Amino acid sequence: MFDAEILKLTVSLREALDRVHIPYPQEIQWNPTPFRGRWGVGTAIAFQAAALEGKEADVQMRAQEIAELAAREIDSPAAFELVQAEKAYINAYFDIPKYAARVVDTVLQQKEDFGRGAPKGERVMVEYAQPNTHHSFHIGHARNTVLGESLARLVEFAGFETVRASYPGDIGLGVITCVWAYQKFHYGQEPEGVHERGQWLARIYHEASTLVTPKEDETREERELREQYDAERREMFRLWDSKDPEIRELWLKTREWSLDELYDILGMLGAEIDVYFFESEMDEPAKEIVEELIALGIAEDERPSGPVFVKIDEKLGLDRDKYRTSVLLRQDGTTLYSAKDLALAKRKFDTYDVDRSVYVVDVRQSLHFDQVFKILELWGFEQAKKSHHLSYGFVTLPGGMMSSRMGNVVLFMDVVAEAQRRVLDIIAEKNPSLSEDERAVVARQVGLGALNYALISVDNTKEIVFDWDKALSFEGQSAPYIQNAHVRANSILRKSEGVPDEASFDYELLEMESELIERISQFPEVVQRAATEYKPLHMSNYAFELARTFHAFYHAVPVLRSEEREARIRLTAAAKQTLANSLRLLDVEAPDRM
RNA sequence: GCGCCCGUAGCUCAGCUUGGAUAGAGCGUCGGACUUCUAAUCCGGAUGUCGCAGGUUCGAGUCCUGCCGGGCGCGCCA
């Protein structure tokens, strides 16, 4: 937020070093100083300058000399009250009274837009929320959705035009297996309630999977029955493929039950999807595309004695196995996932005109996306280079992998219900004055927030072993901790009877005050970093740090009964706003009371 | 066999993209702080061969190479 000031500082430093004839590298990098209660930036340029002089000289000592020389010589820009050499670093400290007011004024003026980046003139599509239909939404899907939604909010706020896309897997042998079992064993049944019905369908899927999975020591009768069932579901898939009206209708009806549940959950998570692509819709375009790739000589066609595939490594001229071979069509000409993803990518590029395409999909599909991007490149799509697979590790159970097919999943709705129960218990104990209505709202905000934060505050590359107590932690590094900072700020503001229109920070600030101001001022940079690196984790870390700083401020600095009441009320309001903006980007709501 | 990811405090994890100031949090543990803006909080203590070995560098948790351990994946599942 002080780019201009820091640029001036860089220019001044360069001039100073030139005057004393010290060579230095082109790039001068400034980072926040690590000292508590002092607000400034520092650079390690003196080390590099000392090293440039070469020789066997003691770089450490020479660096300190250079830093001192530079600090003495520099014509310090107005923004900084002091430039000094410390441990061979050149540190510049902000003129706090002036810049504290500027930070706070900016936040209070821009409000929910504080931190928003300038328009970048690029369109990003974020694809997430791709659960299979006819299954149930479990905690692993929640990781995907929360990660995707947070990323979408970040890139949008950072200044990209953003399109949210969902790509439900609504067809495949698994889906058909469920439809088959519904028709054979449960036809005409339909439980009440969106989630009850969705979960019931998922149980049918699990039952059906068990029926068609070979058991150990099965008897001949069991085997024959299983093989008969397997043949029936495959026949149903064939009928689906040939657009049999009865099967299609059955499939659409049950699909809708799953989608109803998905829409409801996306609503709870505040994910407003702009475009739904369905896997089933990619089937026909995929076939056309494969023909084109064959004609272009990119894909090889061995039908009917073999499949259609692309030997990617060979096409790229690699002599090692890296991207391997991607099979696009089965021997019988039916499409595979790879072909459908090519069709989807083409539609994104052509119809939606996206410059960057991000796929939030679990890590098992890393090779698949590497292959898709490379084939798109071979095909001539420039955007393929700006396509990114944001992969994430699975959410597993202490006992191992979750699997809808095996029926051992932790359902998202169950976790949400438990989270809300736990929050209500804590409210009963800590804040009994809340009304019934408020309690219900707060339970949802805090319960869901805790869960979302737990899923987002671990690096996406890492596996999460689901643990109820960890996922629903309300203390320490957690959403409730951050929400509570917001509540405390709000509580002060409620009692302050308004926020003064302006206030001067022309007094000796306490350590925690300047620290809080510095932290707030970092928010816009964190937005940019999280968005351009596709890493919501940066924001979750920042939000926690900001909350921690605020809690410390809250304890150490009296606001309402102090000489500096006006300024501190404004600072509190700025902190509250920045906390709210941070939480929003993490897909966590910011309650006013809890 | 090949490819990708992970290995940091008792446990769970930040920090690695852009090498630099005593390696940070949370949980747990020990000790303190509620007549004072909500204690879902704060303050302080203890706890580290940053998987191992080399290399590059004035400087490596961070970059490079090899190895070890774990996970995932590798032509007709998605």
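Trainee: How do β11 and β12 pair?
Mentor: In the parallel sense, over six bridges. Two strands pair if DSSP finds at least two bridges between them. Strands (E, at least two residues) and helices (H or I, at least four) are DSSP runs, numbered from the N terminus.

Trainee: What kind of model is this?
Mentor: Predicted: local features need pLDDT of at least 70, side-chain atom pairs count only at pLDDT 80 or more, and totals for chains, interfaces and linings use all residues. Residues are numbered from 1 along each chain as its sequence is written, chains are lettered from A and ligands numbered from 1 in the order in which they are written, and side-chain values use heavy atoms, leaving out hydrogens and water.

Trainee: Back to β12. What is the bridge partner of Val 360 there?
Mentor: Leu 390.

Trainee: Over how many bridges do β6 and β7 pair?
Mentor: Two, in the parallel sense. Ser 166 stands opposite Tyr 276 in β7.

Trainee: New topic, α6. Which residues are buried?
Mentor: Val 175, Ile 176, Thr 177, Cys 178, Val 179, Trp 180, Ala 181 and Tyr 182.

Trainee: What do they pack against?
Mentor: Helices α7 (194–212), α8 (220–241) and α9 (245–268). Contact means heavy atoms within 4.5 Å.

Conventions:
Buried means under 20% relative accessible area, exposed over 50%, partly exposed in between (1.4 Å probe, protein chains only).
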